[in-house]
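Subject: A structure for you to look at

Hi there,

I'm passing a structure on to you and hope you enjoy looking through it.

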Amino acid sequence: MLKGALFFSALAALAPIALAQKPLYAQCGGTGYSGDTTCVAGAVCTVVNQFYSQCLPGTVVPIPPVTPTPTQSVPVVIPTPTVPANPGLPPTPESGNPFQGYDLYLSPYYAEEVVAAAAQISDPTLKAKALKVKDIPTYIWFDVVRKTPDLGKYLADASNIQRATGRKQLVQIVVYDLPDRDCAAAASNGEFHLNDGGMAKYKNYVDLLVAEVRRYPDVRVVAVVEPDSLANLVTNMNVTKCRGAEAAYKEGVVYALRQLSSVGVYSYIDAGHAGWLGWKDNLAPSGRLFSQIYKDAGSSGFIRGIATNVANYNSLSTNNRDPITKDNDNWDEVRYINALSPLLRQNGWNAQFIVDQGRSGVQNIRQEWGNWCNVRGAGFGMRPTLSTPLSAIDAIVWVKPGGEADGTSDTSAVRYDTHCGKSDAHKPAPEAGTWFQEYFVALVQNANPPL
Ligand code: BGC
């Protein structure tokens, strides 16, 4: 597992117990951090990203630490195909729903997080409910280049399961590492920067993912491509960083789509949610932008459509609208999709959709629709299914791994975003993508339908 692969400091973790040790899931390192770097017994200080190391369940393996330096070059493509891909022939897209007829592969990374989280819960009923979450298929995020080799491990695993069971496996991934990522916010700022060769590094990151996929042509892969990126181009051109990133986001997304299509990955481009691009003034420019990207990427049948509500909290479909949605006729994801879909078609793209419902179980919990960070009171939502309210929706999915934070509430952190300090945000919260135990427990307790 990746989490176990990099240790903040194996030596530090072996230091005498006399040092104050940090509890499980506490921060133990990262940019700007000056506290203790040791964890209590049974936990290891693990580098999650350059900003954050966290005490995660596990025991210390005495290997030398691998400490990336800012000048370190990103890995180079090396894999040799173990299974030769169709010699010379590019894969051909199928016209139907790419999820149909496949089992959704369970993320071992998420399962490990959930099992460790459940171990911390003493109430047996709640623990049993928490454990059920590990069997709910959830997307695997590739949010840093060093995680890319893990895709090969998951695909090999899925391929073995497929051979052993005779049931076709589908691995769900999120491609999320654009340069100057999360341009209108701070919480998920990424590792690549446009002023530092970020575009070349991004293309290399995509190539590494694609090289892994190429080795396992027998396993189907579905990707959500770059959450929030193109949506920012529709509404946040007043933000300097977004304006500066416009050309790069387009180039990066088009590159990712082309490369993923070349190895038969079915892609859904992220298009925000009802409360973002679903507003009347934002719909037409969105229709134009997403269709243009589809065409620029070669109009491949592998570019299957659009993903909505990723990591958000909106209802799929409700007649009982949340008061915060007033003034927007598209107050849920079905309404948003019904509004966007004809605009895409007008512009030449007959797109299908998938909708994240992982954390949409409870409604009417936000003070403003634009609040997205660790919203208090959220619950796990509708389970992934191909039984959807619109033929335009291929699947209801869980994209955001519930229990991983949206952003830190530590006001002194480099990636602190004021949304994570709002009164409806659950606090204290750790860095984006790291485990947030209390939030996970709340998602389990508030799950709707119940676990
Ligand atoms: C974070 C990523 C993380 C993803 C899934 C994003 O908000 O920036 O690091 O992988 O959420 O939890």
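Below are my notes on the disulfides and on one pair of helices.

First, some background: this is a predicted model, in which local features need pLDDT of at least 70, side-chain atom pairs count only at pLDDT 80 or more, and totals for chains, interfaces and linings use all residues. Residues are numbered from 1 along each chain as its sequence is written, and side-chain values use heavy atoms, with hydrogens and water left out.

**Disulfides**

You will find 3 disulfides here (a disulfide is a pair of cysteine sulfur atoms within 2.5 Å). Helices (H or I, at least four residues) and strands (E, at least two) are DSSP runs, numbered from the N terminus.

Cys28 is buried, at a relative accessible area of 0% (buried means under 20% relative accessible area, exposed over 50%, partly exposed in between, with a 1.4 Å probe and protein chains only). Cys45 is buried too, at 2% relative accessibility.

Another disulfide joins Cys183 to Cys242, S to S 2.1 Å. Cys183 sits in the loop between strand E6 (169-175) and helix H6 (198-214), while Cys242 belongs to helix H8 (residues 240-262), 59 residues apart. This link is right-handed, with 95° about the S-S bond, and both cysteines are buried.

Cys373 and Cys420 also form a disulfide, their sulfur atoms 2.1 Å apart. The link of Cys373 and Cys420 is right-handed, with 95° about the S-S bond. Cys373 and Cys420 are both buried.

**A pair of helices**

Helix H9 (residues 280-296) and helix H10 (residues 333-346) have axes that come within 8 Å and cross at roughly 55°. Axes are lines fitted to C-alpha atoms, for helices over the stretch in contact, and angles run from 0 to 180 degrees between N-to-C directions. H9 and H10 are therefore oblique to each other (under 35 degrees counts as roughly parallel, over 145 as roughly antiparallel, 65 to 115 as roughly perpendicular and the rest as oblique).

The contact (heavy atoms within 4.5 Å) involves residues including Leu283 and Phe290 of H9 and Tyr336 and Leu340 of H10.

Best wishes
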